[in-house]
Amino acid sequence: MFETSAASEKPDYAFLVKQIRSILEGERNLSTNASQFSAFIYHSLTGLNWAGFYLCAAAKNPTAEFPHDLLVGPFQGKVACARIPFKRGVCGTAAAEKRTVLVADVHAFPGHIACDSASNSEIVIPVIVNGQVAGVFDIDSPHLNRFSAEDQQGLEALLAEFINATDFPTL
Ligand code: SME
């Protein structure tokens with residue numbers, strides 16, 4: 001059995017990077033690694049109510065610029081909305097703009113999609129594979145201003161480990 005360290009508000013991200021590398025080693029399957037990664041994050045940080053992936057799939061209403069929607073993938077937390085178009089909400093913004101979006105107060109973010117009314121702050125990091133957006137990794141917290149710049153840096157480093165360790169289907 002793999003023992004992970006206790007969840008922390010200010011985790012030692014360098015240590016978590018080593019742990020996730022060893023957890024994902026030897027498997028490159030997307031759903032396997034995305035499930036393991038979501039559980040690892042959810043149980044390594046305190047003050048979270050959702051952590052998981054939205055992955056790109058053919059859009060219901062594709063455009064030349066945005067041929068994909070974001071479909072919920074492996075996650076920990078309550079049932080979430082299934083499909084998010086690019087540009088919508090925090091997830092769609094991170095995907096469309098290919099950048100991490102850190103939201104201290106989701107109620108002040110225009111277009112925020114409330115999947116769980118308990119959520120008050122959120123961070124969404126795009127999953128970029130060979131320059132293309134393959135999805136996003138979304139983390140929600142019931143606390144206002146839960147995520148610092150240090151969290152952003154640490155979580156981006158952890159997600160980079162996941163991306164390196166995983167095979168993605170061609171979109
Ligand atoms: N709040 C997100 C939607 C996803 S849920 O939080 C899991 C958004 O605005 O994109």
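Colleague: How do the residues of the shell around the ligand divide into nonpolar, polar and charged?

Modeller: There are 8 nonpolar, 2 polar and 3 charged residues in that shell. Ala, Val, Leu, Ile, Met, Phe, Trp, Tyr, Cys and Pro count as nonpolar, Asp, Glu, Lys and Arg as charged, and the others, Gly among them, as polar. This is a predicted model: local features need pLDDT of at least 70, side-chain atom pairs count only at pLDDT 80 or more, and totals for chains, interfaces and linings use all residues. Residues are numbered from 1 along each chain as its sequence is written, and side-chain values use heavy atoms, with hydrogens and water left out.

Colleague: Which element gives the most to the shell around the ligand?

Modeller: α3 does, with 3 residues.

Colleague: Why is the pair of Phe37 and Phe53 called tilted?

Modeller: Ring centres must lie within 6.5 Å to pair; planes under 30 degrees apart are stacked, over 60 edge-to-face, the rest tilted. Phe37 and Phe53 have centres 5.9 Å apart and planes at 50 degrees, so the pair is tilted. Phe37 is in helix α2 (residues 30-44) and Phe53 in strand β1, 16 residues apart. By this rule the count is 9 aromatic pairs.

Notes
Helix = DSSP H or I, 4+ residues; strand = E, 2+ residues; numbered from the N terminus. Phe/Tyr/Trp six-rings, centres within 6.5 Å; stacked < 30°, edge-to-face > 60°.
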